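Look at the aromatic rings in this chain. Which of them pair up, and where do they sit along the sequence?

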Amino acid sequence: MVEKVGVERIAMPVTVRELDMERDLPAVEELERQCQVGISGDQGSAAADGAKKSKKKKRERMSLCVEQIGDPLARVRHAPEHVMLVAECGEKMVGVIKACTKMVSRGSVRSSKNTSPSSPSPLSGSPTQQQPYVKVAFLLGLRVSPSHRRLGIGTTLVRAAEEWSRAHGAAHATMATTVSNKASLALFAGRFGYAPFRRPVLLGRPVHARRLPLKRHHRVFQLQPALAAAAYARLLPPQDTEFLPADMPALLAHKLTLGTFVAIEGSDHHTATDAEQPSFAVLSVWDSTRSLSMRVGGAPALLRHSLAAVRALDRAAPWMRVPSVPDIFRPFGAYLLYGVRMSGPAGPALLRTLCRHAHNVARKNPACAVVAADLAPGDPAAVAVPSWRRFSCDEDVWCIKNLSDGNADPSDDDDDWAAPAPPGSVLFVDPREF
């Protein structure tokens, strides 16, 4: 059982407590419907606490909205320590937030005092040892009812989630928003002391009606979870990877991980010499169609009718092989690619083959309309992953806060995780928290 969070007073009497699934589920679902959420706009509702209302109606633009479906705790339930807090004003639910803590890899430590993880300790003279994993809290799914914004409810929920995270031993807390959500960034960076520090890029492509062909000299194999865990242990060492979960074997064996796939060149078509690295690519596929529903909103009528006409042509004349796009203006799901790695001179081509294979797996699921991968912008694999601009997003911002001292300035932390990532480090994005 997770501990109870007490009553706090703000501009109006609001009670913050833990979710009662049987009692609160209808109200949570209604709150989700009221809050329009962007692709990484977890904290979009919080921005309303500090943002001014615009008097001018802005022109509607195309946007990708995400809605949680099914279990409201799906994004945090995998963690042994998790909670969903709800805010009530009288009998009305006016806000929610989720939080979980888990052990993840730190990667190489960048200290604000320029001390290396292996440098001698000034007291003992012996090298300091960096712990490969650290306990981090993830704050997700902050929602505030549109009728109760700018009243401090989002602030109260965040502080309650941070208090819960500290009580469960988290050393850091993270949250995600978007660059365009300036009010949210200002709120978290200013009021709560979070520091923007990572910018993953979502690379997506639509799922077409027909199977994509694979190169004949490429061989694709599926790894069993135990073998996949052993492979990732070599490919993603914790000292070179950020946010790699300590329970990676459990993630790979999860029922929503549809498989880990490896692509290599056939024995009759080797491009590498003995002195070069062997070429291969590897990725895992996660089925998010059961927990997330997406929809493209704000599209002009001409675009909607044009894409519908292309789909009709594709059905009527399949021999033309027209690359029709699924109906993305209705709710649809996605398959997420994670653990995307490649090596060797033929690595990019092999990775493209694996992405095509993942596409062919996805087309068997009528609920899946998009295949996407979340990668660091400087990751070499990001260049090789096929993507469409309209199905991709480069606005994501991860922010971090040191929870060891609630009044500390992140820039004064001797162990400054907010510093730029060292060259060659890998950013791992856990699909369970997408």
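What follows is a walk through the aromatic contacts.

The model is predicted. Across the whole structure, a search finds 9 aromatic pairs. Start with phenylalanine 243 and tryptophan 398. Their rings lie 5.3 Å apart, centre to centre. The angle between the planes is 80°. The pair counts as edge-to-face because that angle is over 60 degrees.

Phenylalanine 243 has a relative accessible area of 3%, so it is buried. Tryptophan 398 has 16% relative accessibility and therefore also counts as buried, since the cut-off is under 20%.

Phenylalanine 243 has another partner, tryptophan 417. Here the geometry is stacked. The centres are 5.0 Å apart, with 15° between the planes. This pair also bridges distant parts of the chain, 174 residues apart. Tryptophan 417 lies in the loop between strand 17 and strand 18 (426-427). With a relative accessible area of 3%, tryptophan 417 is buried.

Now widen the view. Phe243, Trp398 and Trp417 belong to one aromatic cluster that also includes Phe138 and Phe197. The charged end of lysine 102 sits over the ring of phenylalanine 138. The distance to the ring centre is 5.1 Å.

Definitions and conventions:
Residues are numbered from 1 along each chain as its sequence is written. This is a predicted model: local features need pLDDT of at least 70, side-chain atom pairs count only at pLDDT 80 or more; totals for chains, interfaces and linings use all residues. Side-chain values use heavy atoms; hydrogens and water are left out. Rings of Phe, Tyr and Trp (its six-membered ring) pair if their centres lie within 6.5 Å; planes under 30 degrees apart count as stacked, over 60 as edge-to-face and the rest as tilted. Buried means under 20% relative accessible area, exposed over 50%, partly exposed in between (1.4 Å probe, protein chains only). Helices (H or I, at least four residues) and strands (E, at least two) are DSSP runs, numbered from the N terminus. A charge sits over a ring if NZ of Lys or CZ of Arg is within 6 Å of the ring centre and within 35 degrees of the ring normal.
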